[in-house]
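Please keep the sequence and the model in view while reading.

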Amino acid sequence: MHAPWTAAFHDPLLKRIAKLFTPDDYLVGGCVRDFCLGVPPADFDIVSFGDVWQLAGKIALCLESHAFWMDKTRAIARIATGGPPIKIDVCAPKAATIAADLAERDITINAMALHPASQELIDPLGGLADLDQRRIRVIAEKNLADDPLRVLRCLRFALQLKFRLSEETSSALRRHAPSLNAVAPERIKQELDAALALSGGARIFELMQSYGLPLFPQYVDIDQGEHHR
């Protein structure tokens, strides 16, 4: 397991923008997981307890790019860089503290934060231990109910990282599998595309069948905007 701040410090993109972070800002989610694994992140997620748009604008200026609102209501801004493209999202917290924000996420290995100002790894849910054990563990069954797409995401991460699902997580996924029918087809397609882009990604359909997920819960003709059952 790699020291996350050491890996982050050597990341070429992060080195360019590190001076812009304040004590109000945290790297979160998949990029922190990847730093712990020693894998260069393709995307960066930043939670800011300060001014989201101001930070996004400063990052965009530093990278000679531009920022735009992905969701202004929820204060989610995005900066897209070129050659190769790297996505940077800056968003407001979902809760009053960073620990409470992390508790709203899907799985423990995606619920760690790195605080650039102090170089502290914040891991209130045991994500680092689960990485070490190569284990996918949901944070809370409530989080699956809040967004059933997370059932499919758990399977995709198991396939992507070659991790096993904890016994409790496997049981929870089976209980919530039918709820995938309620998820927008466009979101399911994005998740399947991400899985199929992996080496051996077609196994996602085997995993879906094994866990009781409907293989084709909904089909949408994206071009025509027609939904089919």
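## Basis of the model

The model is predicted; local features are given at pLDDT of at least 70 and side-chain atom pairs at pLDDT 80 or more, while totals for chains, interfaces and linings use all residues. Residues are numbered from 1 along each chain as its sequence is written, and side-chain values use heavy atoms, with hydrogens and water left out.

Helices (H or I, at least four residues) and strands (E, at least two) are DSSP runs, numbered from the N terminus.

## The sheet

Seven strands form an open sheet with mixed pairing, in the order S3-S4-S5-S2-S1-S6-S7. Two strands are taken to pair if DSSP finds at least two bridges between them. The edges are formed by S3 (67–71) and S7 (120–122); each has a single partner strand, so one side of each is left without a neighbour in the sheet. On average, neighbouring strands are turned by 30° against each other, direction ignored. Axes here are lines fitted to C-alpha atoms, for helices over the stretch in contact, and angles run from 0 to 180 degrees between N-to-C directions.

S3 and S4 run antiparallel and are joined by four bridges, with Phe68 opposite Arg78 in S4. The two strands form a hairpin with four residues between them, and Ala75 in the turn has a positive phi of about 55°. S1 (residues 25–28) and S6 (residues 113–115) are likewise antiparallel, joined by two bridges; Val28 has Ala113 of S6 as its bridge partner.

## Helices on the sheet

Helix H3 (residues 30–37) packs on the sheet and touches S1, S2 (43–48), S6 and S7, its direction making about 65° with that of S1. Contact means heavy atoms within 4.5 Å. Helix H4 (residues 52–62) lies across S1, S2, S3, S4 (76–81) and S5 (86–91), and runs at about 140° to S3.

## The largest pocket

The largest pocket has a volume of about 1600 Å³. A pocket is found on a 1 Å grid over the protein atoms alone, as an open set of points where a 1.4 Å probe fits, with protein on both sides within 12 Å along at least five of seven lines; lining residues have an atom within 4 Å of a point. Grid points are joined across faces, edges and corners, and the volume is the space filled by probe spheres set on the points.

Of the 41 lining residues, Asp45, Arg78, Lys87, Asp89 and Arg153 are the closest to the centre. At least two lining residues come from each of H3, S2, S3, S4, S5, H8 (149–161) and H10 (185–196), and H8 gives the largest share, seven residues. By class, the lining holds 17 nonpolar, five polar and 19 charged residues. Ala, Val, Leu, Ile, Met, Phe, Trp, Tyr, Cys and Pro count as nonpolar, Asp, Glu, Lys and Arg as charged, and the others, Gly among them, as polar.

## Contacts of H10

The axes of H8 and H10 come within 10 Å and cross at roughly 5°, which makes H8 roughly parallel to H10 (angles under 35 degrees count as roughly parallel, over 145 as roughly antiparallel, 65 to 115 as roughly perpendicular and the rest as oblique). Residues in this contact include Arg153 and Arg156 of H8 and Arg187 and Glu191 of H10. The contact comprises six nonpolar, no polar and four charged residues.

H10 also packs with H11 (residues 203–210), at an angle of about 125° and with the axes 9 Å apart; the two helices are therefore oblique to each other. Leu192, Ala195 and Leu196 of H10 meet Ile204, Phe205 and Met208 of H11, a contact of six nonpolar, no polar and no charged residues.

Pro214 lies in the loop between H11 and strand S10 (219–221). Its C-alpha atom is separated by 9.3 Å from that of Ser179, 35 residues apart along the chain. Leaving aside neighbours within four places in sequence, Pro214 is in contact with Ala177, Leu180, Asn181 and Met208.
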